[in-house]
Each structure stands twice: as C-alpha cells, then as structure tokens.
Amino acid sequence: MSYKNFPMVSRVVFGRGCFNQLEDILAPKRINSKAPFIFFVDDVFKGNAWLTSRIPLSYDDKLVYVSTKDEPKTSQIDELVEDIILSYKDRPSGIIGIGGGSVLDIAKAVAIMLNNDGESKDYQGWDLVQNEAVYHVGIPTISGTGAEVSRTTILTGPERKLGINSDFTPFDQVILDPELTKDVPKDQWFYTGMDCYIHCIESLNGTYLNAFSQSYGEKALELCKEIFLEGDTTDEESQDKLMMASWHGGMSIAYSQVGVAHAMSYGLSYLLGIKHGIGNCIVFDHLEDYYPEGVAVFKQMKKKHNISLPQGICANLSDKQFDIMINVALSLEPLWENAIGKNWKKTITKETLKALYLKM
C-alpha cells in the first residue's frame, strides 16, 4: 500500500506581537530589488494604522487590499496574476496573505498560478499542479478555517466550488500572532470558530480516520469546547487557544477529509454566495442524523453565545436551483466517502440532499 507523502508548513512563528518580525523573516527571501513582495490584505484593515504601518514595504513592493464580501473566485485569481505579470518584469520574491481564510486562499492561489500556465479553474481538484509555487507567507487575522496550514485553496469557479489541492499549496511560512484577532466581530468569531469545530467532528467521525488525524482533531475539539462551551478563559487566552485549535483542526484534515456539512455548504456558497463559516453552521444545524453528538454540542454553543442563524434561505428556490446546489455537493466524492463510506451513493441521493436543503 502506498501512503501519501504530504508536505507541511516548513516554518512557523507563534506569539503575541510576532507580526513585528515580518521584515526580518522576509528580508532573506528577497530575490532582488526588482522582484517585489506583494501583500494581499483584507480590506477591513484599510485605514488601520495599528496593523498596516507594520507591513514592511520597500523597493517595488505592493500592498493590495482585497474585499472579502464574496468568496475567492477563479476569475479573480486570474486577474490578480495577470496584473502582477504585466506590472513587473521579474517574478515576485513572495506573496503574503494577511487576513482570514479567503485572503489566505487568494495568496496561496496567486502564488501557485504565477508559476503554472493556464487558468486557475484548470487546477481545481486534487494534485493537478505541476510547478512549485512562488514563496508565500500566511498571516491569519481570524482563527478557525485552518487555511493557514491546509494543502488546499478553496475557489469558486465557473462550474463548481472546489479547492486547488496540491503539494505546492501549503505556505512556506506562517506567522501566528493571536493579537491580530482582537477586533473580530462576535458573530464572525463564532462562525469561523465553528468551521474549526465542524472540521473536527467530520474528521473524527469519518471512515478515513487514523491516528494522525485523530490526534490533531481531538486536541482541536478539546480547545473548541474550552473556548465556546466552558467559556472561563480570558480574551487573550481564548485568542491564543482558538489560533492553535485552527492549526490543529487544519492538520486533522491532512490525512483525512471533511464531510457532509462542508459538501452541502459548498452548494450553498456556489449558488447563493453564502460564506463558508456561516454556511457550515446553517447546514450543520440540521445534521443530527449524521453527527448526533456533534450537533447537540453545537446547539449548546449557539445558545450560550446567543447566535441566531438565517432561516428559510432555500424556501423560494426553483427545482433547477436545487439541482445546481445538489450537483455541486455530490461532486465532492472524497467528502461523502469519508462521511458515509465507499457505498455512500446508495444512501446519499438527490432526494436526500433536497430534503436537507429544504430544512434550511
């Protein structure tokens, strides 16, 4: 039997205020004065001197503010890559993403596409990337997605929402500074934290489960319960712990997979543009049949933090729209195999998924 030889983030720095070390970390990686560092920054930080004044720009470096109103699209990646190629004679020294999962995914995808021909939609799937990415750095400003450590970058393409899953996707360097998460709005903190929690539940209850995934998943789950259920931690402790839960939750997927909530949430996102974190929560709220204990604890967390999820989002959809969502969800075969087993197609039908979507 042949086992996957997965790459991991080769360098990581953790600690409150470690963002200040960014210049020292990047300096040795500068190829020359004409090969810039490109910084993709969540536009929520526009005008926030506390963060932006510490971004070390020099020579032809560029800071690009990215809107996260919509999730990353393949067309957006292609435009960003083309702009860089047309603007500079030299390939960049590096791509740096500063933000949540969407910004980190944009940084990963741009770094890949700068060294690979064609359009980013051609690389949606598993192990399709041929060439090593440009040096890229991830700096999360919200915790939960695991994007800082995963080997995928989730993109919405013309036909589907699917990641570029490859050995060249993971960051070369990650900077984990919990202080950067201090101003995250409460609802967003919950939804993104629940992305981590749901990662754990789907991984730990999946048929792909093994000791590698289990060790990371159990630790992430333990941290999520401390933060969202027990709630006797200080704000700083909570920020530190959630950042590490996100890391462990992302790692738990490396040798495993996610499951039903993620598959169905991709459908919601593709058709209705619903963001990943809240989409997962909307779906997971109705998955008692698949994850009874996990959903029961989720509902406790939701109640504790006074979170109200949108209702009736699928109430007025046409049959054609349901079919689009269902087909996107069903196309994610590894997720269903992990959740249900090799014979998942016998029980997971279009009718099954439609009945679930109708509850939302």
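Author: Happy to! Let's start with the second largest pocket, which holds about 330 Å³ of space; please keep in mind that this is a predicted model. A total of 17 residues line this pocket, and those nearest its centre are Trp-189, Ile-227, Asp-235, Ser-238 and Gln-239. By type, the lining consists of 6 nonpolar, 8 polar and 3 charged residues.

Where do these residues come from? Two helices, H5 (186-204) and H7 (235-252), each provide at least two residues of the lining. H7 makes the biggest contribution, giving 4 residues.

Now let's follow H5, since this helix also meets another one. Two packed helices are described by the angle between their axes and the distance between the axes. For H5 and helix H9 (residues 276-284), the axes come within 8 Å and cross at roughly 55°. That angle is why H5 counts as oblique to H9. The crossing of H5 past H9 is left-handed.

Which residues meet there? On the H5 side they are Tyr-191, Met-194, Asp-195, Tyr-197, Ile-198 and Ile-201, and on the H9 side His-276, Gly-277, Ile-278, Asn-280, Cys-281 and Phe-284. Sorted by type, the residues of this contact comprise 8 nonpolar, 3 polar and 1 charged.

To put the picture together: H5 supplies at least two residues to the pocket lining, and H5 also has residues that meet H9.

Conventions: Residues are numbered from 1 along each chain as its sequence is written. This is a predicted model: local features need pLDDT of at least 70, side-chain atom pairs count only at pLDDT 80 or more; totals for chains, interfaces and linings use all residues. Side-chain values use heavy atoms; hydrogens and water are left out. On a 1 Å grid over the protein atoms alone, a cavity is a set of points where a 1.4 Å probe fits but cannot get out, and a pocket is an open set with protein on both sides within 12 Å along at least five of seven lines; lining residues have an atom within 4 Å of a point. Grid points are joined across faces, edges and corners, and a volume is the space filled by probe spheres set on the points. Ala, Val, Leu, Ile, Met, Phe, Trp, Tyr, Cys and Pro count as nonpolar, Asp, Glu, Lys and Arg as charged, and the others, Gly among them, as polar. Axes are lines fitted to C-alpha atoms, for helices over the stretch in contact, and angles run from 0 to 180 degrees between N-to-C directions. Angles under 35 degrees count as roughly parallel, over 145 as roughly antiparallel, 65 to 115 as roughly perpendicular and the rest as oblique. A crossing is left-handed if the near helix is turned anticlockwise from the far one by less than a right angle, and right-handed if clockwise. Contact means heavy atoms within 4.5 Å.
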